[in-house]
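Hi,

Here is the structure I promised to pass on. Have a look at it first, and then read my notes below.

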Amino acid sequence: MARKGLLITPDLCIGCRACQVACKSWNDLPAEKTKNNGTHENPPDLTGYTYNKIRFIEKVVNGEVRWIFVSQRCRHCGEPACVQVCPVGAMQKDLDTGIVFYDKNVCIGCQACRSACPFDVPRYDKQGKIGKCHMCIDRVKAGLVPACAKTCPTGAIRFGDRDELIEKAKAEGFKILHGEKELGGLGVVFALSQPPSYYELVENPQKPEKVVALGEMLKILVAKGLPIENSIIKEFLS
Amino acid sequence: MSMKLTRRDFLKLSIGSLVLSSLGINLEPVKAYAKELKIKEAKETTTICPYCSVGCGIIVYSKGGKVVNTEGDPDHPINEGSLCPKGASLYQLANNPYRVLKPLYRAPYSDKWKEVSWDWALDRIAKLVKQTRDKYFMVKNEKGQVVNRVEAIAHVGSAALDNEECYILQKFLRALGLVYIEHQARI
Amino acid sequence: MTNHYIDLKNADVILVMGGNPAENHPVAMKWILRAKKERGAKLIVVDPKFTRTASKADLYVQIRPGSDIAFLGGLIKYIIDNELYFKDYVVNYTDLPYLVDPNFKDTEDLEGVFSGYDPMKRKYDKATWKYQLDENGVPKKDPTLKDPNCVFQLLKKHYSRYTLDMVSEITGAPKEKILEAYKIIAETGKPNKVATECYAMGWTQHTVGVQNIRAFSIIQLLLGNIGMAGGGVNALRGESNVQGSTDMGLLFHTLPGYLPTPKAGDVDLKTYCEKYTPKTKEPKSLNWWKNRPKYIVSLLKAFWGDHATKENDFCYSYLPKLDDDKTYSWYDLFDAMYRGKIKGFFAWGQNPACSSANANKVRKALAKLDWLVCVNLWDTETSSFWKGPGMNPKKIKTEVFLLPCAASVEKEGSITNSGRWAQWRYKAVNPPGEAKPDAEIINELYKRIKALYEKEGGAFPDPILKLNWNYGDKHVDTKLIAKEYNGYFTADVPEHPVDKKAYKKGQQVPSFVFLLDDGRTACGNWIYSSSFTDAGNMMARRGKEDPTGLGLYPNWTWCWPVNRRILYNRASVDPMGNPWDPTRPVIKWDPQAKKWIGDVPDGPQPPLAMEGGVLPFIMKPTGVGTVFGAGLADGPFPTYYEPVESPFDNPLYPKVRHNPVAKLYATPEDIYVAKDPRYPYVGTTYRVTEHWQTGVMTRHTDWLLELEPQVFVEMDKELAKKKGIKSGDKVIITSPRGKIWAIAIVTDRIKPLVIQGKKCHIIGIPWHYGWRWPEDGSGGDSANLLTPSAVDPNTFIQEAKCFVVNIEKATK
């Protein structure tokens, strides 16, 4: 299987959030109790039960209002820092597809993956276990399209072989492909007509330097039965 | 036993781990993904979305009489497998903890619902309809024209019904003599 | 819709005005964005607020709620002044060349009203609203469009003062944006360019609702865009089966298939048929409604079966009759209920306590009932009205029933989308608990009432006892009902007048063309005839062939009438039958085979210019598209009037502020104000993607409630600053009729406008919420507690899109 990817085109997104609901429906994720915080965006952030959310960005450009909808989710890095730091092998990269997935049963909730993530993506459920986009790897392995891409009415989220998606986006005239080269190539690529900052995407994502070392240390801690404190991980990486 | 890791301990460990790394331990755990697809061997039923009027096709997957998944029908020419959030939430309409499961009755001046049987409720409604109809039925209007109607019973609904239900509903209401027959289309 | 959802991909220009498909019909955006991508189509959004649809627009124009006719009237003027109309289409296919009675007087002559206005009755005498007829009774025409009494010249005069300056002053939109929109739309007056329009309640919920839609229909006739692929005037309707429920006659004024409900003056079937069967002397008019007697007789046969005979007028007297001068619409109904005249009430799959304008009046009216039957999936603000805000259950006598029904996936039947596609759906699982399909509840009620009349007798029992009703005992077979509305032969027809073939009693009729007015056919709804024939259930078909490449999918389910996918498609060809735009041929005449190719044509007759040819608008006695709307209650041309509640004057007609025949009500709950300093802002209501209607089907769906959990109010930054309101603050909104709280969303997407030199602040509130659910009250209540019960004089739809309000930050 070739490396799989999602091509996200915010210019085609109508902010309907079918992707948020389809994700919850397929993955049996409960709704969260939310309130209106003066914006349509909800839930306010990714959580262990919200793997994919649409950010609603309002801007005034040359006197004209703009409303921009941008998917926030795991980018499925080619060299995923989260996998490298995970001391128990709960976070994994599927070698066939490049999808970064996880095994909740193995996760010990140390949250090192979030600290290591260049996009601050991983979140945790009420039991402290990891929950994030896994590109519906169960569907992909069965030859199906991930729930978000399947349900997207406008083609703002497309799924396919990563290389083909990138070719397609270039053929459609997109000059900026955020994620094509970043961090050695991400599984989730944004096709943009404006610079990444316009969409409030991380302009130049960086992987923390000491990720590999951190991962190995954490493994030792686990092997020794020592607890892992998040503050120390953060300090180590800073 | 509570063991707190100090900053010093941690840094000590970090040196050790670097050594490990140089020994060439594989840092990328590889585990084949193996989980059964939840719609495997489920019954597929096609339906049309009950929300807006676009008329998107949806496939309902069920097992043992329970809906296990719903998603867009890829063969449907209008939505081509896609859906909006309402259509995508159909699973929660089919598996909904808040549905009314038994006929409910609120007696005059009561402050609560009470569960009743279908038989009791339908018989009681039939009796009330007949009483009201018989009392207020107008054979002629004020001008003396034959009108054969009852204005004291009114009905609204419903665009949420199927065509067949709409048809027999208006047929039933008109046979009773109702003229106040309205529904969502008016508002 | 004249066209259908997929057809949006065939447009060159898509005007979204009075609708918001990205939020209310999101999958429609698939086709709109495809037109943009594949045809380079332009999307224009005209809306009081910058919507999610507007986020994808090539041009967005913000206008004041209720100012649509000013904007559209200006466009009509622009098209006429610059001669951008499609001349061949206009001359051949519309009434623009027709001469009007010289006694007709326009609003330009009479300062805001048409001839025949009676200010005491607030009603028009339409005697002068008619065409001039020649000695043969055929309307006189001037194909040069120069006669001062022709519809074209009257139209030109009517909109002569709708200048860019005037349109800008009324709408608040900048002139350059208005002009840019006009240029893009008017460009489609060329034969090979087509514009479409998508509207919804943004156009209907006004006291000039019908005229909003007519204004754009006139534009589409001027530009030759009706009947064309990618054209038409398209109502994106609100509910999955509101098209079907309307088709099936769940309205006071129509029986199934748009047959008028008989009135007291229609004393017998003959009188009814004479009154409602139009006649024409126009030689090339097909005048389809000439068939009305076949449809009403077949309907009566479907209702009362063998009891309906020629001798007893086919049981015509069993149909309840309306009083001639009275309406029984939604707001009349609740007015009568409020006045204590209605004793029993069914609210079937509806939540009027939240969906009705001036909802406080509805809630109070419910308390005057003796009994109330609600049928729903959940308990609603209507079924639990007696324990709602401000109610004291101990003082409310109403006996209330809440019957649990099945959801869509728990029963089998068809629903009809806005494109008129009737699509069959199947049962996946059983209903939960004791819930029953609605058809079974109806069946049970009918049978029990019938049994009571059989046993006890009572008032005029015949229509009940003799009703043709045989759909199953406990389980209702909905296919039997579908067969009935398709129609069947009630007697052997040895040689049918249409095809000379023999038909047996009990056979399904192949289509409405085969219906008869002598009692030998029964048909519950003539427009659904051909949906369930002897060949089977056409609504269940899943063929994916698309021979035209236009996305008509003729073998996918079924479409009324007779599977015609684009209405008025004879107007898409020239009088010789050649498509105006050969790249988008909906139909095309094959001169060799002497038949039409493509979509099911509006009548099989040859093209207009050939022998036996007919005019394209077959439902009209004239055979042409109607610009001069003589049948309307409020005038033959759309005219700009302010909303009933507006803080502004009408600069076009200073003496007539609002629609002079708008219907208003008179109970103490019906308060209307204008230019009142207590309510200085313009309120509007709308819907959002994540909820549906009063929210009953979405507030109970946790994933959707998560996305939009609470009632909000959107407002501009200037007003927010003035009122000390920040995004996320709780605010109180008041109107003359009620008040609600909401969470403020302060945004650049609604800008203050300058109207007639004065600042106009607009606030917008969704009407999806209600006190009953979420159970903790965290969602808030319905925006319809604020809206007025001022209604359109033609459709009787409420003006929920513009009313006056005030807003303050909540103190706690």
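Starting with chain B: the centres of domain 2 of chain B and domain 3 of chain B, taken over C-alpha atoms, are 23 Å apart. One thing to keep in mind throughout is that this is a predicted model. The domain assignment for chain B puts domain 1 at 43–94, domain 2 at 100–128 and domain 3 at 137–187.

While you are in chain B, take a look at the peptide bond from Gly157(B) to Ser158(B): it is cis, with omega near -5 degrees. You will find Ser158(B) in the loop that runs between strand 7 (146–156) and helix 5 (163–176) of chain B.

Chain C has a cis bond to show you as well. There, the peptide bond from Trp560(C) to Pro561(C) is cis, and omega is near -10 degrees. Pro561(C) sits in the loop between strand 19 (558–559) and strand 20 (587–590) of chain C.

Now for the domains of chain C. The assignment gives domain 1 (330–463) and domain 2 (681–809), and their centres, again over C-alpha atoms, are separated by 27 Å. The two do touch: 20 residues of domain 1 of chain C contact 23 residues of domain 2 of chain C. Between them they bury about 1800 Å², with 60% of that coming from carbon and sulfur atoms. On the domain 1 side, the residues that lose the most area to domain 2 of chain C are Tyr331(C), Trp378(C) and Glu381(C), which together make up 32% of what that side buries.

Chain C also meets chain A, in a contact that takes 38 residues from chain C and 40 residues from chain A. About 3000 Å² is buried between these two chains, 58% of it on carbon and sulfur atoms. In chain C, Trp703(C), Glu706(C) and Leu707(C) lose the most area to chain A, and together they give 25% of what that side buries.

For the pair of helix 6 (residues 164–171) and helix 7 (residues 175–186) of chain C, the axes come within 9 Å and cross at roughly 115 degrees. Helix 6 of chain C and helix 7 of chain C are therefore roughly perpendicular to each other, and their crossing is right-handed. Helix 6 of chain C brings Leu164(C), Asp165(C), Val167(C), Ser168(C) and Thr171(C) to the contact, while helix 7 of chain C brings Lys175(C), Ile178(C), Leu179(C) and Tyr182(C). By class, that contact has five nonpolar, two polar and two charged residues.

The other pair is helix 13 (residues 330–338) and helix 15 (residues 359–366) of chain C, whose axes come within 8 Å and cross at roughly 50 degrees. That angle makes helix 13 of chain C oblique to helix 15 of chain C, and the crossing is left-handed. Here Phe334(C), Asp335(C), Met337(C) and Tyr338(C) of helix 13 meet Lys361(C), Val362(C), Lys364(C), Ala365(C) and Leu366(C) of helix 15. This contact divides into six nonpolar, no polar and three charged residues.

Last, a backbone detail in chain A: Met135(A) has phi near 50 degrees, a positive value in a residue other than glycine. Met135(A) is in the loop between strand 7 (130–131) and helix 4 (137–141) of chain A.

Cheers

How values were computed:
Residues numbered from 1 in each chain as written. Chains lettered and ligands numbered in written order. Predicted model: local features only at pLDDT ≥ 70, side-chain atom pairs only at ≥ 80, totals over all residues. Heavy atoms only, no water. Axes fitted to C-alpha atoms, helices over the stretch in contact; angles between N-to-C directions. Helix = DSSP H or I, 4+ residues; strand = E, 2+ residues; numbered from the N terminus. Parallel < 35°, antiparallel > 145°, perpendicular 65-115°, else oblique. Left-handed = near helix turned anticlockwise from the far one by under 90°. Contact = heavy atoms within 4.5 Å. Nonpolar A, V, L, I, M, F, W, Y, C, P; charged D, E, K, R; others polar. Domains from an automatic or database assignment. Buried area = accessible area lost by both parts, 1.4 Å probe.
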